[in-house]
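Me: I would like to learn how to read a few features of a structure, one at a time. Please give the general idea and then the case at hand.

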Amino acid sequence: MLALRELQTRFANALFEGAVEPVIAEIVARGAVSASERLEIYRNNLREGFIKALAITFPVIERLVGTDYFRQLALDYLRAHPSRSGNLDHVGAAFATFLRERFESTQYAYLPDVAELEWAHHQALIAPEATAITADVFRDLNAECLEQIRFELHPACSLLRSEYPILSIWRANQSDAEDEELIDLDAGGDTILVLRTPECVQLRRLPPGDFAVLEAFSHGLPLSAALEAGQAADATFDLGATLQRALALNVLVGLHGSDAPIPRISQ
Amino acid sequence: MRAGIGLRAVHHLEIVERGADVGWFEAHSENYFARGGQLPRVLGKIRERYPLSFHGVGLSIGSTDPLQRGHLTEIARLVRDFEPMFVSEHLSWGSVGGRFMNDLLPLPYTEEALRHMSDRVRQVQDFLGRQILIENVSSYLQFACSDIPEWDFLAALAHESGCALLLDVNNVYVNAMNHGFDACTYLNRIPRRAVQEIHLAGHSIRDVDGHTVRVDTHDGPVCDDVWVLYAAAIHRFGPVPTLIEWDSNIPALDVLAAEAHKANEVMETDRARAA
């Protein structure tokens with residue numbers, strides 16, 4: 001008798017790789033339905049469940065490439081990156097990377113960037129809660145200390161930079177989008193902040209200076225370095241205005257001093 | 001207790017705003033693993049007004065891979081935050097060698113599998129600090145090495161691990177038809193006190209080269225034969241908390257509530273007959 005481990009391994013190989021023969025003898029073919037046809041029901045479940053989970057996370061990619069080609073892409077992705085989790089929410093983690101390998105230096109090079117945006121949107125939906133800091137925290141800081149403080153971004157936040165107008169592409173492919181709008185792929189790139197409000201996930205196009213500052217914060221850089229990044233990105237950069245906008249969006253949640261971290265403001 | 005329905009995201013808003021005429025809700029554990037945002041908030045609001053249970057589909061409890069501690073930790077967090085009435089998993093496996101098929105695959109019913117499954121159920125119960133319910137699954141094949149009937153396997157699992165059973169009457173029916181056994185024998189061999197919850201769902205009839213295979217698709221109403229079997233189950237096990245599952249082609253909340261009402265009627269009829 002086949003040990004349980006061996007049976008499970010052969011069964012999985014049959015479903016993933018189509019290595020059906022090594023497991024066929026283990027399956028009772030009662031009536032006229034053969035063992036391979038019985039196995040095929042499970043292979044079909046695996047494929048359809050995977051495609052469906054991916055389509056839920058990447059509806060814009062599905063719309064851009066069409067249902068049939070999306071299915072083909074999903075099956076190729078399944079072969080390269082089978083699910084590694086009991087939670088189907090995780091299956092899309094490597095999809096943008098997979099698309100990048102496939103479409104880099106083709107006319108569809110915007111697809112992986114759109115996939116990254118959809119993944120960030122998906123992650124924002126399920127990220128932990130955190131309480132945003134308010135302008136009050138600046139009151140107790142002296143100028144010396146100020147230069148060295150580091151901000152933490154809300155866990156639902158992502159920053160995305162693309163050479164393509166991916167935010168316009170994303171918006172034009174929402175189910176509630178108005179008339180079909182033609183998008184010029186050479187219209188210029190996007191710098192986007194994904195954030196979560198109490199009501200929903202928002203995608204916002206940021207001015208280059210704001211994007212550079214938040215990007216510096218997300219890399220754990222101090223305010224002095226963020227200031228330099230902002231100035232490099234935008235000649236008319238104004239740090240005060242940028243910080244005010246970031247505070248208004250509630251995306252800054254942690255504040256750390258130069259040496260000992262200042263504790264995160266609790267709820 | 002009046003019958004409940006599976007909680008699905010398309011109905012969240014309506015349930016929160018207007019409520020639903022059902023006894024309780026059951027959530028798929030994995031659908032609420034979110035650490036923040038709308039999902040935990042909505043679930044909290046529903047939990048304030050209704051009993052709730054968690055039903056896992058991804059733990060892969062019967063796998064010979066190590067138990068996924070991260071997954072289990074998420075379930076423990078849900079248990080702590082929402083204090084559910086029941087926590088259930090399946091008599092199945094869905095992964096091996098780190099690859100997940102994300103499906104409820106049947107186990108061979110052998111002494112080895114029984115020992116393995118009992119050990120894993122005990123591990124999960126120890127981790128969560130509470131009893132769990134294990135549900136029988138629909139299957140489309142049987143293994144040649146199986147030498148224990150499914151019903152005896154379940155009864156022994158409950159006895160050895162101390163778990164309770166979630167009896168899916170539709171899955172009993174589907175397997176009876178697919179594998180050619182008597183569904184009443186199945187019910188009669190399950191110990192009365194082991195069953196703490198019952199599931200009802202619709203299934204599909206698939207034609208495979210001119211032969212019928214019943215597939216557990218949860219995409220329609222409960223069929224007449226399953227209602228008859230449900231009445232027999234209620235007669236044997238008593239008015240066990242019952243849940244209607246409907247996971248694709250999900251209808252309006254009223255349609256689900258009407259299915260739950262049918263289950264209430266079956267329980268009332270049985271009670272009246274016994275009186």
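This is a predicted model: local features need pLDDT of at least 70, side-chain atom pairs count only at pLDDT 80 or more; totals for chains, interfaces and linings use all residues.

Me: Start with the overall fold. How many helices and strands are there in chain B?

Reply: Chain B has 9 helices and 13 strands. Along its principal axes, the C-alpha trace of chain B spans about 50 × 45 × 45 Å.

Me: What radius of gyration would a compact globule with 275 residues have, and what does chain B have?

Reply: The idea is to set the computed value beside the expectation for a globule. For 275 residues that expectation is near 19 Å, and chain B has 18 Å, so the two agree. Buried residues account for 48% of the 275 residues in chain B. Of the contacts in chain B with a separation of 6 or more, 75% join residues 24 or more positions apart.

Me: Now a helix pair. At what angle do H6 and H8 of chain B pack?

Reply: One reads the angle together with the distance between axes. Helix H6 (residues 169–179) and helix H8 (residues 224–237) of chain B pack at about 120°, and their axes are 9 Å apart. Angles of 65 to 115 degrees count as roughly perpendicular and those over 145 as roughly antiparallel, so H6(B) and H8(B) are oblique to each other. The crossing of H6(B) past H8(B) is right-handed.

Me: Which residues of H6(B) and H8(B) meet?

Reply: From H6(B) come B:Val169, B:Asn170, B:Val172 and B:Tyr173; from H8(B) come B:Asp225, B:Val226, B:Leu229, B:Tyr230 and B:Ala233. Sorted by class, this contact has 7 nonpolar, 1 polar and 1 charged residues.

Me: Last, a single residue. Is B:Pro241 buried or exposed?

Reply: Burial is read from a neighbour count. B:Pro241 has 20 C-beta neighbours inside 10 Å and therefore counts as buried. B:Pro241 lies in the loop between H8 and strand S13 (242–245) of chain B. Apart from neighbours within four places in sequence, B:Pro241 contacts B:Met1 and B:Glu197.

Key:
Residues are numbered from 1 along each chain as its sequence is written. Chains are lettered from A and ligands numbered from 1 in the order in which they are written. Axes are lines fitted to C-alpha atoms, for helices over the stretch in contact, and angles run from 0 to 180 degrees between N-to-C directions. Helices (H or I, at least four residues) and strands (E, at least two) are DSSP runs, numbered from the N terminus. Angles under 35 degrees count as roughly parallel, over 145 as roughly antiparallel, 65 to 115 as roughly perpendicular and the rest as oblique. A crossing is left-handed if the near helix is turned anticlockwise from the far one by less than a right angle, and right-handed if clockwise. Two residues are in contact if their C-beta atoms, placed from the backbone, lie within 7 Å. Ala, Val, Leu, Ile, Met, Phe, Trp, Tyr, Cys and Pro count as nonpolar, Asp, Glu, Lys and Arg as charged, and the others, Gly among them, as polar. The radius of gyration is taken over C-alpha atoms; the globule rule is 2.2 Å times the number of residues to the power 0.38. A residue is buried if 20 or more other C-beta atoms lie within 10 Å of its own, exposed if 12 or fewer, and partly exposed in between; C-beta atoms are placed from the backbone.
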